[in-house]
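Thanks for coming. I will go through one structure in a few minutes, so please have the sequence and the model open.

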Amino acid sequence: MKPAGLEKIGLENIGQVFYNLSFDELIEHELQKGECKLASNGATMVDTGIFTGRSPKDKYFVDQPESNKYIAWGDVNKPINKAIFDELLLVAKEQLSNKDVYVTDVYCGASASSKRSVRFVSEIAWQSHFVKNMFIRPKTEELGSFTPEFTVLNACKAVNDKWKEMGMNSEVFVLFNIEENISIIGGTWYGGEMKKGIFSMMNYWLPLEKKLAMHCSANVGKAGDTCLFFGLSGTGKTTLSTDPNRALIGDDEHGWDDEGVFNFEGGCYAKVINLDAQSEPEIYGAIRKGALLENVVSNGDGDVDYTNRSKTENTRVSYPIEHIENHVPQLKAGHPKNIIFLTADAFGVLPPVSKLSKEQAMYYFLSGYTAKVAGTERGIVEPVATFSACFGEAFLPLHPTVYAKLLGEKIDQHNVNVYLVNTGWSGGVYGVGKRMSIKDTRACINTILDGSINESEFDTTVTFRLQVPKSLNGIDSSILNPRNAWEDKEEFDRTRDKLAEMFIENFNRYLNENNEFDFSTAGPKVEN
């Protein structure tokens, strides 16, 4: 089968077109071409070169009248003029011409009314494999009439020698032309650029249709109760949404339209640093034939050392979601009953669990808070607050308040409960207090999922003004109000107010926006 419309891309003298190859065929190509090695568990292993993560400073959108009025320009969404885009498009096309290419047609979005059809073109077999893992694979009969709505040209071997002259960040370029529905990648081999590039586009398209795009994981119980888990890296989003008693909808990217919640993807992309079979058995078991490991270290027999971070801390694996036994085959479910915001508070002042009003939900959604702990990066000697709007600011083409407003409307419309869960420290800051145990955190989440938390009496904390339960099944009541868990109450008050000031300072950037209400009134208030 040949892809329809390939000639419209403008590549010249194309050799063989490897169209939507099977996993077996892709693995054969990867090994024969020397792109990958075979691990003892049957997965293939690839090194992504000097780039083992995304290059956010090299991401640009073409500045054009139609999309200009929607995009929130700034450090995340940088503009580039169309003349430069067209010049680099020619560079990408020249790189992909006069050779064999891999063309992979997929869907993004499991909802029929919200999905997008996307075509990826590359000269690298493992990049086609990555795309096949990560997106929704069309049925054979669908490929005959497949018409791409968006095209990604991955010319990773091409570089931009004129980047200084063009006023760009480096020779790497990740560019989006919204009006012409095309993206080009050059200078970086990292597969995540393709995944997150389409996520950025879904974050552009869907809100303009009054649908919410979300950086979250999702699962559903036997009674059909859907739960969303938002959280930045290290907060437990993947671990806590993988539950033997609940089916996984997806681990990273979802949409919420009039029919319910749906996965954007058809696979998972998990970190594997320090992975072991006991702590994360589902992910460990998913790494088999068809899975694609990135930047891991193995011995001569293909045995992977998941503790080895000599290439990067960001070792990863992509695999089809079918590799997770307890998943939702249709990749979608009904409207959520509960939403959980996860934060790893290294300051030790946020409660293990608190119930949020709609206004507080939008405030903490816009804040997107977690904290890095001392020792995780060079020079960090005390906790550092990290704020990422909507728990995914790097992928938001529109202003964050657009997403917050949509969230608030859906919370009202579907009567959703929202909670803030701290998977971080209790009884003191990092180095003094103790990290919340997985057992205690799961106990908190279980009371949310079974509804028993609503039978509790609630107290309101000082400064953050959060509603915390006085008692919960399976939880030591002394830790539910964080101040009670600290020996030095005065030090708790100082640390609490210090973190509150960080929240307030971060939120100042939203105060000039013409919102329907003032989000900041739902946040912390420091008494003088």
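The lining of the largest cavity is made up of four nonpolar, three polar and four charged residues. Before going further, note that this is a predicted model.

Let me stay with the cavities. How many of 30 Å³ or more does the structure hold? There are six cavities of that kind, and the largest has a volume of about 80 Å³.

Around the largest cavity you will find Arg54, Ser55, Pro56 and Lys59. Which of the elements has the largest share? That is helix 6, with four residues.

Next, a pair of helices. In general, two packed helices are described by the angle between their axes and the distance between the axes. Here, helix 9 (residues 358-367) packs with helix 13 (residues 489-507) at an angle of about 80°, and the axes are 10 Å apart. Helix 9 is therefore roughly perpendicular to helix 13.

Which residues meet in this contact? From helix 9 they are Tyr363, Tyr364, Leu366 and Ser367. From helix 13 they are Phe503, Ile504, Asn506 and Phe507. Sorted by type, the residues of this contact are six nonpolar and two polar, with no charged ones.

Ten of its ten residues are buried, so helix 4 is largely enclosed by the rest of the structure. The buried residues include Trp126, Phe130 and Val131, and Lys132 and His129 are also among them.

Now two residues with a positive phi. Asn274 has a phi of about 65° although it is not a glycine. You can find Asn274 in the loop between strand 16 (267-271) and helix 8 (281-286). Is Leu331, which I take next, buried or exposed? Leu331 is also not a glycine, and its phi is positive, at about 60°. Its place is the loop between strand 20 (316-320) and strand 21 (332-333). Leu331 has a relative accessible area of 7%, so it is buried. Asn274, by contrast, counts as partly exposed because its relative accessibility is 41%.

Pro469 sits in strand 30 (residues 467-469). Its relative accessible area is 2%, so Pro469 is buried. What is Pro469 in contact with, leaving aside its neighbours within four places in sequence? The contacts are Val353, Ser456, Glu457, Phe458 and Leu480. Leu143 is 326 residues from Pro469 in sequence, and the two are 53 Å apart in space, C-alpha to C-alpha.

The last one is Glu409, in helix 10 (residues 400-414). Glu409 counts as partly exposed because its relative accessibility is 39%. Between the C-alpha atoms of Glu409 and His215 the separation is 18 Å, and the two residues are 194 residues apart along the chain.

That is the end of my list.

Conventions
Residues numbered from 1 in each chain as written. Predicted model: local features only at pLDDT ≥ 70, side-chain atom pairs only at ≥ 80, totals over all residues. Heavy atoms only, no water. Axes fitted to C-alpha atoms, helices over the stretch in contact; angles between N-to-C directions. Parallel < 35°, antiparallel > 145°, perpendicular 65-115°, else oblique. Contact = heavy atoms within 4.5 Å. Nonpolar A, V, L, I, M, F, W, Y, C, P; charged D, E, K, R; others polar. Buried < 20%, exposed > 50% of the residue type's maximum accessible area, 1.4 Å probe, protein only. 1 Å grid on protein atoms, 1.4 Å probe; cavity = no way out; pocket = protein on both sides within 12 Å on 5 of 7 lines; lining within 4 Å. Points joined across faces, edges and corners; volume = space filled by probe spheres on them.
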